[in-house]
Amino acid sequence: MKRPAVVLGIESSCDETCAAVARGPQRILAHAEASSLAQHAAFGGIIPEIASRAHLESIAPVVDQALRRSGTAVRDLDAVAVTQRPGLIGSLLVGTSFARALSMAWGLPLFVVDHMRAHLYAAFIEAPLTFPFVGLVVSGGHTTLYKVSGLGREALLGQTRDDAAGEAFDKVAKILGLGYPGGPAIERLAQRGRPDAFSFSCACEGSDFSFSGIKTAVLYKVAELKRTYGALARETVADLCASFQEAVVSDLVAKSIRAACRARTRVLAVGGGVAFNEYLRRRLREAAPAGLRVLIAPRPYCLDNAAMVASLGCRMASERNGR
Ligand code: KG4
Ligand code: ZN
């Protein structure tokens, strides 16, 4: 029997510098990361120049740490995989240049990975991969639905026409003064709020998404509340968070389940940073009709990470070697 490929994965598309080693797509041996998030917090968003400089400082120690933690020697590696796009260009350049240099120095093949596909296949790190499936990638930069009939055969079913869902969480958090990134803060406050306190919606027909309007609706509602009552009470902020989250989650759940039913696939796979949200995870599972399995990326593999890159790199390596 052929042995599974051992792949070093590198991810540097935004503010996280990550490296991981996988022995086959479902066995993550180690993961290491450094984040420049704290350096961006004061600006309310990611500053590309700061992110690139931080990647330059962290990439070598992070890769070294992942290799040491995994107990893997360079001679055990079969390939290097790296996120090539999409992302911040300066950040991506650091990861791709470093990975290219390693692959040349170590004489290993280099697999370039699309960040969206890495998020998509993260749902299968702990579950068997079967085709076809419908996939939802829901992150800070994307909200996209695919029908996937094979590795590299991802047909677009729908995508956001403006902001991504994670971006809407971040912008609404900024409006409410909750800091960056917004998703975790909104989710936490929403637990104490009433989802039906305010009526928000994400109006967009068909399988496309639109989250720009709901952000503006929250902005206007906050201005109106402040005009009427002065500073927002803690309960009101919680109600705004719960109502906003309710509208976004309902839209994501309805459209992804409908797409899977229409495509007649037995699996709906979900990945990306917003998939970390427990309310979304629960609502997706509750809404799945009999015969549809909802596979959500395990939480350690939702936010940007290199395990998903190494795992997909293993799949690409096996496909190339016919194993
Ligand atoms: O996948 P990711 O780490 O980076 C991109 O590829 O964009 O996703 C980051 C996004 C951010 O917008 C962040 O606010 C959102 O994921 N996020 C969440 C949660 N945790 C992170 N959104 C909703 N609920 C969460 N718990
Ligand atoms: Zn991402």
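## Working through a predicted chain

The secondary structure here comes to 10 helices and 10 strands, and keep in mind that this is a predicted model.

**Exercise 1.** Work out how the radius of gyration of the chain sits against the globule rule.

*Solution.* Start with the length: the chain has 323 residues, for which the globule rule gives 20 Å. Next, take the radius of gyration of the chain, which is 20 Å. The value is close to the rule, so the chain is as compact as a globular protein of that length. For the outline, the C-alpha atoms fill a box of roughly 65 × 45 × 30 Å along the principal axes.

**Exercise 2.** Find what share of the residues is buried, and what share of the contacts with a separation of 6 or more links residues 24 or more positions apart.

*Solution.* Burial comes first: 53% of the 323 residues count as buried. Then the contacts: among those with a separation of 6 or more, 71% come from residues 24 or more positions apart.

**Exercise 3.** Count the charged side chains and say how far apart the centres of the two sets lie.

*Solution.* Tally 38 positive and 29 negative side chains. The two centres lie 5 Å apart.

**Exercise 4.** Decide how many disulfides the structure holds.

*Solution.* A pair needs sulfur atoms within 2.5 Å. The structure holds zero disulfides. Check Cys14: its nearest cysteine sulfur, that of Cys18, is 10 Å away. Now Cys261: its nearest cysteine sulfur belongs to Cys204, 19 Å away. Cys261 has 42% relative accessibility, so it counts as partly exposed.

How values were computed:
Residues numbered from 1 in each chain as written. Chains lettered and ligands numbered in written order. Predicted model: local features only at pLDDT ≥ 70, side-chain atom pairs only at ≥ 80, totals over all residues. Heavy atoms only, no water. Helix = DSSP H or I, 4+ residues; strand = E, 2+ residues; numbered from the N terminus. Rg over C-alpha atoms; globule rule 2.2 N^0.38 Å. Buried < 20%, exposed > 50% of the residue type's maximum accessible area, 1.4 Å probe, protein only. Contact = heavy atoms within 4.5 Å. Lys, Arg positive; Asp, Glu negative; His and termini not counted. Charge placed at Lys NZ, Arg CZ, Asp CG, Glu CD.
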